[in-house]
Amino acid sequence: MSVETLTEDWTCAFSGQFADDFRQLVRTLPLDKLERIPPPKNAGLPFGHELRIARRLLTGGSSMLDQSGLSRIYLACTAERVRRLYQGLALGESLPLAGWRDMLGHEATASWIERGLLEPDPGDGFRCRFRLIVLGPLRFVVDHFGFSGGNRVHIGGDSLNMTEFLQRRVTDTGGAMLDVGTGSGLQLLSLSQRRDLGLGVDINPRAVRVASLNVKLNKAANCRIEERDAFDPAWTPERFRLVTWNLPFMFFPDDEVAANVDGHGGHLGIALTLRFVERLVDLLAPEGVAWLLTSAPVMLDGTNRLEVELAERTRRCGLEISTFVLQKYWDRRHAQFHRSHQIRSFESVMVRIQPGPGGFQRHPPNAVGRSVDWLRTILNER
Ligand SMILES: C[S@@+](CC[C@H](N)C(=O)[O-])C[C@H]1O[C@@H](n2cnc3c(N)ncnc32)[C@H](O)[C@@H]1O
């Protein structure tokens, strides 16, 4: 592999003995405590998800994706070695060479530099080119916040919300699972632990490299990753008991689509979701279930376009479909563009799909969720 490839894209660095040594080292680093430390809140309101973070601190769970105005305080209360690991591997801050050597050892530091995983900083330190996220026993290597190349692979707040939602709801652990648009492999690795097979597919070759790395890092021998377009008509796999996809569901103006391929969900943000619902007819086993995370545009006249379209497909495709509304949201940056398409707001939703005679059901948020949505509506529509 040429030095140029290695330095251009860190995801190309993992081959041969280096890949084995890398995974072994990451497995032995004391990363467990990292998940309690939230990253800093850099924009918007001065406080972040403080209650959720405090709850996770007390009851368990990872706060590595919840921004906090108190991040510095959490960090200050942490042992020096854990703090350095967090700054270097989770936040991507520059550390002096001696700091890296102390954490990783001399030999590993040298090989990480040689493979382009650590790059010299304009100061005299080195910066890590990937980010490590810890979720319970699982470790994920992903792109950094600041990654500006195309085809970014990251884990966002939505990804984690989906994982937590499904861990509560998916109780059947048998049969084969398909995770479409697997990205880092987060949904796949979280939900396939006791299954015969977990297959992750992604159209993005960088995601395929990253998910393959994470599958091996987490020793998930039942999982494999394939580069593929989920809509490829020539792909006719065995049917699956569980299908998941955290879909691209944003609605971008034409000139922003190319830079947001992992987030753009097509017209109104729902075109891709609707297309995939029809594709599921070929992918789901008779007793199978699919869970999709997507978004529903609520129009100025109050209609929910996703629900209207899903209800129409239930009979035609022979599917039982339920939506579980998580929360309302607004995309302020594109407010004018969305208004020009008659969109008032969006709902973030989990959609459950099963083969059946055809039926549609909506599950609204609970009383607390409705109160929060009501307050946010007042603040957003002022
Ligand atoms: C919102 S990301 C979800 C990533 C990851 N599953 C998670 O939960 O963090 C959507 C993913 O879908 C992938 N994708 C988009 N279109 C696809 C297609 N036609 N076939 C397969 N994957 C696709 C993107 O490359 C991206 O990785």
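**Notebook: domains, a helix pair and the ligand shell**

I looked up the domain assignment first: the chain holds domain 1 (3–134) and domain 2 (157–380), with bounds that come from an automatic or database domain assignment. I noted that this is a predicted model, in which local features need pLDDT of at least 70, side-chain atom pairs count only at pLDDT 80 or more, and totals for chains, interfaces and linings use all residues. Residues are numbered from 1 along each chain as its sequence is written.

I then checked the confidence. The chain has an average pLDDT (the predictor's confidence in each residue, from 0 to 100) of 91, and 96% of the residues score at least 70. Over residues 1–5 the pLDDT stays under 50.

I returned to the domains. Their centres, taken over C-alpha atoms, are 29 Å apart. Five residues from domain 1 and eight residues from domain 2 form the contact, where two residues count if their C-beta atoms, placed from the backbone, lie within 7 Å.

Next I examined helices α5 (residues 80–90) and α6 (residues 97–104), whose axes come within 11 Å and cross at roughly 110°. The axes are lines fitted to C-alpha atoms over the stretch in contact, with angles from 0 to 180 degrees between N-to-C directions. α5 is therefore roughly perpendicular to α6, a term for angles of 65 to 115 degrees. Arg-84, Leu-85 and Gly-88 of α5 meet Gly-99, Trp-100 and Met-103 of α6.

Last, I looked up the ligand. I found 21 residues around the ligand, the closest being Ser-159, Gly-181, Gly-183, Asn-204 and Asn-246; a residue is near if its C-beta atom, placed from the backbone, lies within 6 Å.

How values were computed: Helices (H or I, at least four residues) and strands (E, at least two) are DSSP runs, numbered from the N terminus. Angles under 35 degrees count as roughly parallel, over 145 as roughly antiparallel, 65 to 115 as roughly perpendicular and the rest as oblique.
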